[in-house]
Amino acid sequence: MSFAINPSVTRSDEISSGAIHGAYGFRLTGVGQRLELHELPALEPGPDQVVVKVAGCGVCHTDIGYAFDGVPTRHPLPLVLGHEIVGRVVAAGEKVAHWQGQSVIVPAVIPCGECAACKAGRATICRKQFMPGNDGEGGFATHVVVPGRGLCPVPDKLPNGITLAALSVVADAVTTPYEAIRRAQLGSDDIAVFTGVGGIGGFGVQIAAAFGAAVVAIDIDHERLGLAAHHGASLTLDASQINDKDLKSAVRSFVKQRGRSGIGLKIFETSGTTTGQATAFSLIDHGGYLAVVGYSPRPVEIRLSNLMAFDATARGNWGCPPEQYPAALALVLEGKVALHPYVEEHSLDEAPEILEAVHKHAIRRRAILIPPTH
């Protein structure tokens, strides 16, 4: 590194009532450019802000979109990416001083709480929302300044096998499918179908099973399907080895076999691919429900009239309201959602290489960047 790191900002027990000095991060300067090491200016929270010492930050498909696909960030580049953040509050403004010293998950999308959308219960479409790594500096850093509202407290003592860093993925990869499943009112009478069971889909399968649904997992990756089978899926289908007609027949046979009383499949598109989206739409049946959770910048050709013909519903899903985070976190802490089979940890100082590896699909699990503790 080309600058000195202040040892005071890397001690796990450091709490401050003033500015934090010596913090650093890796920022994106342009699309397709390698992340650059950047010393952050002194970090001092405003009256309603906190400084979080990052314990871990997940690398999301959205970060890849910003870095390589030209998806624009709302804050102009250069910018430190990263919105799956967990850590400890080491400085807090006077209005949010009660967070001082608390371990927290930072919501991936933090609504303002005051606008018409927020007051109408649609906080995820708040136009004044703050998303770390999009509206301001994110979590590919040792520290980050975020609003002090909506934070999700994490207990000091965690169950065996669960690390604070691993909980970073709760900020998006767990809570986003959780919200989609909650909105779908999924229950024990239902059949849930997931197209794409990587990070978000893999967690979605587990959440759906925890809600009591019978779960079908569809993917083209044998390893992912194997994980899904061990973590909640009652039927796995390899879409690379079966044509669309036979895939639909297999799902229908599963529905008859299970004999659930729910009306219509509840389908969750979590692949973020055009193929997965087309497959998900093709499975819509009478009274069916399609939740679009994955994102692809590419268009997909569908027959929209299927929604009319089947009296079905399709709904998008952008993030999760902060008030739902504790319930999603509880599923993890209670052992109903396993994190570690789906994540792998890397040093923050490897951020440029890790982001490129995720882009090239050289890393198969959800990568978590962890700042050094020295």
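Q: Which residues of helix H7 are buried, and how should I read that word?
A: A residue counts as buried when its relative accessible area is under 20%, as exposed when it is over 50%, and as partly exposed in between, with a 1.4 Å probe and protein chains only. Helices (H or I, at least four residues) and strands (E, at least two) are DSSP runs, numbered from the N terminus. In this predicted model, the buried residues of H7 are Gly 276, Gln 277, Thr 279, Ala 280 and Phe 281. Their cover includes strands E9 (191-195), E12 and E13 (289-292), together with helices H6 (244-258) and H8 (305-309).

Q: What ground rules apply to the numbering and to the values?
A: Residues are numbered from 1 along each chain as its sequence is written, and side-chain values use heavy atoms, with hydrogens and water left out. Since this is a predicted model, local features need pLDDT of at least 70 and side-chain atom pairs count only at pLDDT 80 or more, whereas totals for chains, interfaces and linings use all residues.

Q: What average pLDDT does the protein have, and where does pLDDT stay under 50?
A: pLDDT is the predictor's confidence in each residue, from 0 to 100. The protein averages 94, and 95% of the residues score at least 70. Over residues 1-13, however, pLDDT stays under 50, and the model has 27 contacts (heavy atoms within 4.5 Å) for them beyond four places in sequence. Where pLDDT is low, the predicted coordinates should not be read in detail.

Q: How many helices and strands does the protein have, and how compact is it?
A: There are 10 helices and 16 strands. The radius of gyration, taken over C-alpha atoms, is compared with the globule rule, 2.2 Å times the number of residues to the power 0.38. Here it is 21 Å, close to the 21 Å that the rule gives for 374 residues, so the protein is as compact as a globular protein of that length. The C-alpha trace spans about 65 × 40 × 40 Å along its principal axes, and 53% of the 374 residues count as buried. Of the contacts with a separation of 6 or more, 68% are accounted for by residues 24 or more positions apart.

Q: How far apart are the mean positions of the positive and negative charges?
A: Lys and Arg count as positive and Asp and Glu as negative, while His and the chain ends are not counted; the place of a charge is NZ of Lys, CZ of Arg, CG of Asp or CD of Glu. For the 31 positive and 36 negative charges of this protein, the mean positions are 6 Å apart.

Q: Where does Thr 273 lie, and is it buried, partly exposed or exposed?
A: Thr 273 lies in the loop between strand E12 (266-269) and helix H7 (274-282), and its relative accessible area of 36% makes it partly exposed. Sequence separation and distance in space are read side by side: Thr 273 and Val 300 are 27 residues apart in sequence, with 9.0 Å between their C-alpha atoms.

Q: What is in contact with Ala 213, and is this residue buried or exposed?
A: Ala 213 occupies the loop between helix H4 (199-210) and strand E10 (214-219), where a relative accessible area of 8% makes it buried. Leaving aside neighbours within four places in sequence, Ala 213 is in contact with residues including Leu 186, Asp 190, Ala 192 and Arg 260.
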